[in-house]
Structures are given as C-alpha cells and as structure tokens.
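Hi,

Here is the structure I promised to send over. Have a look at it first, then read on for my notes.

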Amino acid sequence: MHSQQIRKLELPTMLELCRKFAYDPATGQLYTKRGPVGALDAAGYVVLQYPGKIILKAHRVAFALMCGCWPDTVNHINGDRADNRWQNLETVSQQKNRALARCNALAHQMVRGPFGHNRSYVVSCRFSSVERAVHFTLWRDALAFEQRLRAGLLAHGPDFVPDIPPKSERI
C-alpha cells in the first residue's frame, strides 16, 4: 500500500479535527466553516464525512474535541444515539456499553421522549385519578423515577403517591 492509502484509513489527528470542526456542547451540534454538519445513519447515529471518504460518528468527534484524544467507546447516557450534547456523553468499556444498550432498548418502552426543544423525557402517571406527566432532562433520571413508581404501586396499590423530585432536579 502507498503511504497515501494508509493515511486515508487512519483517524484524523486532534489538530486536523480542531481545524475542521467546531462543537457546541450545549446542543451537541458540530459545525464547519460552512455551517452545521451531520446526517443520521441507519442505526440512528449522527455521522460526518471527513475528507478522504472517512465516515466519522459525531459523538466520537465531539468527545475527541472536548477531551483532546480519541475515545475507545462512548455511551449516550439517555440512550438517544442522535443526542450528542456533552452532558449526554460518557466513555465506558465496550462490555458496559453493550449492557447499557440492552437496558436502553427495554427502557424506551416505558419512558417516552425526548420531546420539545429541551429534549425532555416524560413519565406519565395517575395519582388519585389525576393524570400527571413528570418531565426529566436525563433519560437515566426518568427511568429511575419510573422504576420507583412501579415498585411503589406494586407494594402499596393504586393509592400510592410517589415523592416527585423538585423541578430543579428534573429540568
């Protein structure tokens, strides 16, 4: 193989990334000089095309731009593969990432979202015949509340009223 062909298969250096992309940690959006970049792939990840026909996953690029090195494995905390906000990304082992992916698949059946401009997750519940929706910023917090709610309903019956976290902890 020629050195140029080998180079095309390698990941860009941190200097190359910093020259090519800018990252907004609050929104998770990546930018070039021409504007926002990225498209969803079949698996639900945001991907970017880097010169040389290299396809990069946006969450890995975001992590690299924030930390200065390529991560081994990045987990989306809330389970939403397209949500690349910095607060939603963490580095984990491949084994833990696989386990979390299985948990996320099950939990998405129970917790709805993300919705709206703030991408909140909703747990709907009925207390004393009144329907309430409790909103959370993080999928993990919504799942924990939903699990406490189910356990309480099983233990105490339909009259169970859970302690709803204060709004400052939810959104």
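This is a predicted model: local features need pLDDT of at least 70, side-chain atom pairs count only at pLDDT 80 or more; totals for chains, interfaces and linings use all residues.

Below is what turned up, going from the whole chain down to single residues.

Residues are numbered from 1 along each chain as its sequence is written, and side-chain values use heavy atoms, with hydrogens and water left out.

**The chain overall**

The protein chain has 6 helices and 11 strands (DSSP runs numbered from the N terminus: H or I of at least four residues for helices, E of at least two for strands). Of its 171 residues, 35% are buried (buried is under 20% relative accessible area, exposed is over 50%, partly exposed is in between, with a 1.4 Å probe and protein chains only). Taking contacts between residues at least 6 apart in sequence, 43% join residues at least 24 apart (a contact is heavy atoms within 4.5 Å).

**The cores**

In soluble globular proteins, nonpolar side chains tend to be buried together. Here the largest nonpolar core has 16 residues, and Phe21, Leu30, Leu48, Val61 and Leu89 have the most contacts inside it (a core is a set of buried Ala, Val, Leu, Ile, Met, Phe, Trp, Tyr and Cys residues joined through side-chain atoms within 4.5 Å). Two or more residues each come from β5 (46-50), β6 (54-57) and α3 (58-67), with α3 giving the largest share, 5 residues. Another core, of 12 residues, lies apart from that one and includes Tyr121, Cys125, Val134 and Leu143.

What does Leu30 touch, leaving aside its neighbours within four places in sequence? Its contacts are Phe21, Ala22, Tyr23, Gly35, Pro36, Val37, Leu48, Ala58, Val61 and Leu65.

**Rings**

Searching the whole structure gives 3 aromatic pairs (rings of Phe, Tyr and Trp, using the six-membered ring of Trp, with centres within 6.5 Å; planes under 30 degrees apart are stacked, over 60 edge-to-face, the rest tilted). One of them is Phe21 with Tyr50: the centres are 6.3 Å apart and the planes at 40°, so this pair is tilted. Phe21 sits in the loop between α2 (14-20) and β1 (22-24), and Tyr50 in strand β5, 29 residues apart. Phe21 is buried at 6% relative accessible area, and Tyr50 is buried at 11%.

Phe63 and Trp86 make another tilted pair, at 5.2 Å centre to centre and 45° between the planes. Phe63, in helix α3, is 23 residues from Trp86, which is in the loop between β7 (74-76) and β8 (89-91). Phe63 is buried at 9%, whereas Trp86 is partly exposed at 28%.

Beyond its neighbours within four places in sequence, His59 contacts Tyr45, Val74, His76, Asn84 and Leu89.

Glu90 is in strand β8 and also counts as buried, at 19% relative accessibility. The side chains of Glu90 and Arg140 are joined by a polar contact of 3.3 Å (N or O atoms within 3.5 Å; within protein, one must be able to donate a hydrogen and the other to accept it, and residues adjacent in sequence count only if both atoms are side-chain atoms).

Cheers
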